[in-house]
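Hi everyone, thanks for coming. Today I'd like to walk you through some aromatic rings, so let's bring the model up.

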Amino acid sequence: MHDIRQIRENPAAFDTALAKRGLTGLSSDILTLDEARRAKILAAETAQAAQNAASKEVGAAKAKGDEAEFERLRALVTEKKAEVARLNEEAAAEDLRLRDMLMSIPNLPFDEVPEGADENDNVEIRRWGTPRSFDFKPVEHYEIAGVKPGMDFETAAKLSGARFVLLRGGVARIHRALAQFMLDLHTDEHGLTETITPVLVKDEAMYGTNQLPKFAEDSYQTTNGWWLIPTSEVTLTNTVAGDILDEAALPIRMTSHTQCFRSEAGSAGKDTAGMLRQHQFEKVEMVSITTPDTSMSEHERMTNCAQAVLERLGLPYRTVVLCTGDMGFGARKTHDIEVWLPGQNTYREISSVSVCGDFQARRMNARYRPAGGKPDFVHTLNGSGLAVGRCLIAVLENGQQADGSVTMPEALVPWLGGKTRLTADGQLV
């Protein structure tokens with residue numbers, strides 16, 4: 001959420017930053033609501049002061065035996081009490097309107113973020129690995145002969161409908177091995193703390209990481225009000241909600257492997273083939289909680305952690321800085337890492353690593369206390385490390401052979417019990 005004081009002090013800068021996201025200036029509407037709210041608060045305080053003064057004078061009038069003055073003052077106290085209640089209620093309504101408006105406005109991009117309308121304006125900053133040259137035409141993951149026995153969309157559709165998959169046998173084992181490989185790399189070498197979190201959360205958690213109120217239709221809600229998490233960014237980040245942390249405890253670096261759930265609202269007809277875009281999927285998430293002066297260096301560190309997964313697996317990738325028009329709602333800057341998929345002959349997103357500044361911290365009231373200073377808001381960062389299903393796709397497509405078998409990345413073999421190949425009939429050997 002945005003700091004109303006900064007908007008009051010420099011509304012033009014706020015509107016300029018929003019314009020980079022393609023939004024018209026909103027500071028005038030925000031400040032109008034803010035002024036109405038403050039006017040109601042001031043009026044309530046004035047009425048309260050008048051009530052207090054009249055209350056003190058009631059006793060004096062009674063002691064003097066001035067019944068007329070006593071009755072007048074008593075009526076005034078009653079009148080002012082009702083006025084205070086009414087004005088406080090109106091002030092609370094104005095405050096809620098202002099809060100809802102601020103909650104619905106995206107984060108402001110850093111000055112260094114490239115301006116642009118969509119993904120075509122993203123800027124590549126890094127490329128690693130050389131896409132493999134095939135002596136046959138590579139196919140998409142679900143068309144590989146060895147994959148077909150273990151990737152069942154028809155049965156999943158019978159159970160749950162479109163955009164679900166049932167994995168079996170060798171393919172399921174590879175998927176599990178990838179998640180374990182990622183977790184071990186992040187915990188053993190990158191210093192992240194493994195955390196097992198719930199996948200059902202309350203409204204407050206979804207508000208804290210800006211899924212609510214704007215993106216309710218993108219998530220699933222149970223009949224008793226819980227939300228299924230779209231990513232463990234929600235749970236990991238909210239572990240510090242309402243806290244005042246010691247500066248010495250920062251940075252906090254966490255990772256979690258969870259099921260994730262997204263309704264994919266608005267994506268009808270997009271990536272319907274295969275398991276690239278599913279309603280239910282698994283992800284190894286990374287979250288960092290930092291001080292304001294270290295969040296940018298932490299962003300680079302997290303990006304390197306995600307890239308390291310692909311490098312260990314020998315999967316070519318490129319990293320781009322998202323432009324203002326393609327960046328997520330809560331981000332101030334985002335690196336997208338895109339893995340090479342030979343079956344599609346293109347790079348596809350496998351991780352987004354974002355620095356959010358204090359945007360989420362304000363929504364969660366998550367703060368830290370600098371040594372000898374007053375509490376200030378922490379900065380939050382999140383990133384996929386990686387999306388497990390998409391990593392499975394990349395391993396299968398990049399390792400496919402002409403006979404329909406798939407060669408496993410050498411780095412993954414220890415997590416596969418020494419098995420190195422998925423045969424053309426779907427056996428892991």
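Let's start with phenylalanine 329, which is buried at a relative accessible area of 10%; buried means under 20%, exposed over 50% and partly exposed in between, with a 1.4 Å probe and protein chains only. A word on ground rules: this is a predicted model, where local features need pLDDT of at least 70 and side-chain atom pairs count only at pLDDT 80 or more, while totals for chains, interfaces and linings use all residues. Residues are numbered from 1 along each chain as its sequence is written, and side-chain values use heavy atoms, with hydrogens and water left out.

Now, how many aromatic pairs are there? The count is six, taking rings of Phe, Tyr and Trp (its six-membered ring) with centres within 6.5 Å; planes under 30 degrees apart are stacked, over 60 edge-to-face, and the rest tilted.

One of them joins phenylalanine 181 and tryptophan 415: the centres are 5.2 Å apart and the planes at 80°, so this is an edge-to-face pair. Phenylalanine 181 sits in helix H6 and tryptophan 415 in the loop between strands S17 and S18, so the contact ties together parts 234 residues apart in sequence. Helices (H or I, at least four residues) and strands (E, at least two) are DSSP runs, numbered from the N terminus. Phenylalanine 181 is buried at 3% relative accessibility, whereas tryptophan 415, at 29%, is partly exposed.

Back to phenylalanine 329: its ring and that of phenylalanine 359 have centres 5.9 Å apart and planes at 65°, so they are edge-to-face too. Phenylalanine 359 is buried, at 1% relative accessibility. Ring pairs link Phe215, Phe329 and Phe359 into a cluster.
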